[in-house]
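Please consider the following structure together with its sequence. A briefing on selected local features follows.

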Amino acid sequence: MPRAGPAPFLYPSGGGRRLSPSRSSLPRRLGNPSSGDFVQLPVPVIQQLFHWDCGLACSRMVLRYLGQLDDAEFERALQELRLTRSIWTIDLAYLMRRFGVRHRFCTQTLGVDKGYKNQPFYRKHFDAEETRVNQLFAQAKTCKVLVEKCRVSMQDIQAHLAQGHVAIVLVNSGVLHCDLCSSPPKYCCFAPSGPRRLCRSPEYQGHFVVLRGYSRAAGCVFYNNPAYADRMCSASVSNFEEARTSYGTDEDILFVYGDS
Ligand SMILES: [Zn+2]
């Protein structure tokens, strides 16, 4: 059960390429509810404010989608839950609970994976965070925070989205590649240090995104990346699967239900 952030970089509002008119004029709600071949839920885009708060920005997007975002209340919740700059997926589950939002947090590790201790991304605050996070897991049931150790398939995810529900997903942002954004690859095969395996970042870079739809025909998923202020992103199903199951993520996914 890992955490995310800092984001590799932030994009200013209005910067970068926008969605082409043909894409942005696609139906916003279920394209065909009976078949579930195309889903694009109207989840508002909210950009993260700092390098560490992608998880909070995702939570705000979800709450706004559900019509439950009250900024003052949100700030109060952060204080009550004593959230710091180190935001783990379990923190987001508690946040959903705090707002009475039905949720289900699926992960491969109930607690902190000791194996991450020596990963550069986790090293900094590992010991203090380990105690805090393990405590949150221990208290989850009492606090009515639903956590399950389970593996989730893309079929499960698509079925969830087809019902009009969204999910916050922890990904390795060094792996996730948006097909709509024109930014150059962050890691290159021809880096000075020599060819990198599969042209991927060797290190885990945790980042939360909000999953909001998919197209079966195009074989892609739609998501909001809180690093951006002005767009919806899209990745191939295979790339998204690789990014969310990458070492370091524990395959954390927080399902959120709209009928809360
Ligand atoms: Zn994008």
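Predicted model: local features only at pLDDT ≥ 70, side-chain atom pairs only at ≥ 80, totals over all residues.

**Briefing on local features**

Residues are numbered from 1 along each chain as its sequence is written, and side-chain values use heavy atoms, with hydrogens and water left out.

**Loop residues with positive phi**

- K144 is not a glycine, yet has a positive phi of about 60 degrees.
- K144 is placed in the loop between α6 (126-139) and β3 (147-149); helices (H or I, at least four residues) and strands (E, at least two) are DSSP runs, numbered from the N terminus.
- R82, also not a glycine, has a positive phi of about 50 degrees.
- The loop between α3 (71-80) and α4 (89-98) holds R82, which counts as exposed at 68% relative accessibility.

**Zinc site**

- The zinc ion has as protein donors C178 (SG), C181 (SG) and C233 (SG), at 2.1 to 2.2 Å.
- Donors are N, O and S atoms within 2.8 Å of the metal (3.2 Å for Na, K and Ca); water is not among the atoms, so sites may look incomplete.
- Along the chain, the spacing of these donors is C-x2-C-x51-C.
- Both C178 and C181 are buried.

**Packing of α7 and α8**

- Helix α7 (residues 154-162) packs with helix α8 (residues 237-244) at an angle of about 105 degrees, and their axes are 12 Å apart; axes are lines fitted to C-alpha atoms, for helices over the stretch in contact, and angles run from 0 to 180 degrees between N-to-C directions.
- The two helices α7 and α8 are therefore roughly perpendicular to each other (65 to 115 degrees; under 35 is roughly parallel, over 145 roughly antiparallel and the rest oblique).
- From α7, M154, I157 and Q158 meet V237, F240, E241 and R244 of α8, where contact means heavy atoms within 4.5 Å.
- The residues of this contact comprise 4 nonpolar, 1 polar and 2 charged (nonpolar: Ala, Val, Leu, Ile, Met, Phe, Trp, Tyr, Cys and Pro; charged: Asp, Glu, Lys and Arg; polar: the others, Gly among them).

**Aromatic pairs**

- The structure contains 5 aromatic pairs, meaning rings of Phe, Tyr and Trp (its six-membered ring) with centres within 6.5 Å; planes under 30 degrees apart count as stacked, over 60 as edge-to-face and the rest as tilted.
- One of them is the tilted pair of Y223 and F240, 6.0 Å centre to centre with 40 degrees between the planes.
- Y223 lies in strand β6 (residues 220-224) and F240 in helix α8, so the pair ties together parts that are 17 residues apart in sequence.
- Y223 and F240 are both buried.

Definitions and conventions: Buried < 20%, exposed > 50% of the residue type's maximum accessible area, 1.4 Å probe, protein only.
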